[in-house]
Amino acid sequence: MSGNTITQSALPTTAPAAAAAVRPSLAPSRAARELGLKRGEFDLAVRLGCIRTLPDEGGGGRRVARAEIDRVRSETGFPEALRERVKAVGTAEGAALMGVSAPRFTRFARLGLISPVKWHLNRYRAVVWLYLAEELRQFAASEDNAPLLSGRTPEGLRDQLEAGVDLRARNWRGRHVGFLLRQTGDPWARAAAVASLLDPVQVAEIIEDPYERAYLNRFRPEQPAHGAPDSPAAHVVARITTAQDPDEISWLRSDLANTIDEAREDRPVPRPTPRGAETPRARREPRLIEERQSVGEPERSRGLFGWLRRRNP
């Protein structure tokens, strides 16, 4: 070919790159299908940081970028390795993984030696705790934990069990608030995440301004819904999602006080216009009328006032 001819291989390749850069993000349900995950597995993968999400600019929740889908797919062992990382098991399967009895496994959980990653209520309104299979295997494989897997429970731990200690809900709350804080950098949303684990009375004692509390509620994360308000199931959910222990409450109150101070420094809350205050539109109105009169606007365009002026010169 002549030197003036451009071959096909020499054509610029910026168009495909630009098209890839603007690929639309995916809703969680679509992202889960493309990754071959059940929705529960996908949600847990997001909570654990295995899949990164981004806020929906339209205010519709979280979404997943196409580039993130490609990244997850390119990981070694996908999809089996990802499914194994998010595998959650109950008491019976967890005990079998660790090679202990179910009662011993439950004692480990009550003592906080293993932490639940999620939970739900069964049809009898009993709480079903679920644990990461990967964490249970790591616990059982550690030489430091070998004495706990067989023989008698050490005396100090037995005393805690006899006193009724049960750290399962508290440990879940700790994981939950950590997830909420990782999901946002907005100071008011971070304060709302901490406040969501406190009783409203506790929140009102720290945030006395009702306008600030109302604004904070706009960012409050959704709580699990089980049954009608004030139903037995709702009370069970409230006990799990609300801090109960005095030291936990004290820590959350302190953290809320700090985060709300940061939020106030970031931006003040919107407040209603004081009654009787003149709006910008009201202040401009007289000037606009004077301008119309100054350019000799015909009286017939001034409605009833022009008619009365003509009737009574």
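What span should the 21 residues of helix α16 have at 1.5 Å a residue, and how far apart are its end C-alpha atoms? I began my notes with this helix.

**Entry 1: helix α16**

I recorded first that the model is a predicted one. Helix α16 covers residues 246-266. At 1.5 Å a residue it should span 30 Å, and its end C-alpha atoms lie 30 Å apart, so expectation and model agree.

I then looked up which residues of α16 are buried, and found Glu248, Ile249, Leu252, Leu256, Thr259, Ile260 and Ala263. Viewed down the helix axis, these buried residues fall within an arc of 110°, so they line one face of α16. I noted a general point beside this: an α-helix has 3.6 residues a turn, so residues three or four places apart point the same way. On the other side of α16, I found Pro246, Trp251 and Glu265 exposed.

Against what do the buried residues of α16 pack? I listed α11 (168-182), α12 (187-195), α13 (200-206) and α14 (210-217) as their partners.

**Entry 2: helices α11 and α12**

I turned next to two of those partners. Two packed helices are described by the angle between their axes and the distance between the axes. For α11 and α12, I noted that the axes come within 9 Å and cross at roughly 170°. The angle makes α11 roughly antiparallel to α12, because angles over 145 degrees are counted in that way. At this contact, Val177, Leu180 and Leu181 of α11 meet Arg190, Ala193 and Val194 of α12.

**Entry 3: Thr91**

I located Thr91 in helix α6, which holds residues 91-98.

Leaving aside residues up to four places away in sequence, Thr91 touches Ala102, Phe105, Thr106 and Trp129. From Thr91 to Ala102 I noted a separation of 11 residues in sequence and of 6.3 Å in space, C-alpha to C-alpha.

**Entry 4: backbone in the loops**

I searched the loops for backbone exceptions, with one general rule in mind. Most residues other than glycine have a negative phi, and most peptide bonds are trans.

Which residues does a cis peptide bond join? I found Phe78 and Pro79, with omega at about 5°. Pro79 sits in the loop between α4 (66-73) and α5 (80-85).

Arg125, which is not a glycine, has a positive phi near 65°. I placed Arg125 in the loop between β4 (118-121) and β5 (127-132).

I found Asp230 in the loop between α14 and α15 (232-241). At 66% relative accessibility, Asp230 counts as exposed, because the cut-off for that class is over 50%.

**Entry 5: the protein as a whole**

The protein has 18 helices and 5 strands. Of its 313 residues, 31% count as buried. The protein exposes about 19,800 Å², and carbon and sulfur atoms supply 52% of that area. Among contacts between residues at least 6 apart in sequence, I noted that 66% join residues at least 24 apart.

Technical notes. Residues are numbered from 1 along each chain as its sequence is written. This is a predicted model: local features need pLDDT of at least 70, side-chain atom pairs count only at pLDDT 80 or more; totals for chains, interfaces and linings use all residues. Side-chain values use heavy atoms; hydrogens and water are left out. Helices (H or I, at least four residues) and strands (E, at least two) are DSSP runs, numbered from the N terminus. Contact means heavy atoms within 4.5 Å. The expected span of a helix is 1.5 Å times one less than its number of residues. Buried means under 20% relative accessible area, exposed over 50%, partly exposed in between (1.4 Å probe, protein chains only). The arc is that of the directions from the helix axis to the C-beta atoms. Accessible areas come from the Shrake-Rupley method with a 1.4 Å probe; for residues, only the protein chains shown count as cover. Axes are lines fitted to C-alpha atoms, for helices over the stretch in contact, and angles run from 0 to 180 degrees between N-to-C directions. Angles under 35 degrees count as roughly parallel, over 145 as roughly antiparallel, 65 to 115 as roughly perpendicular and the rest as oblique.
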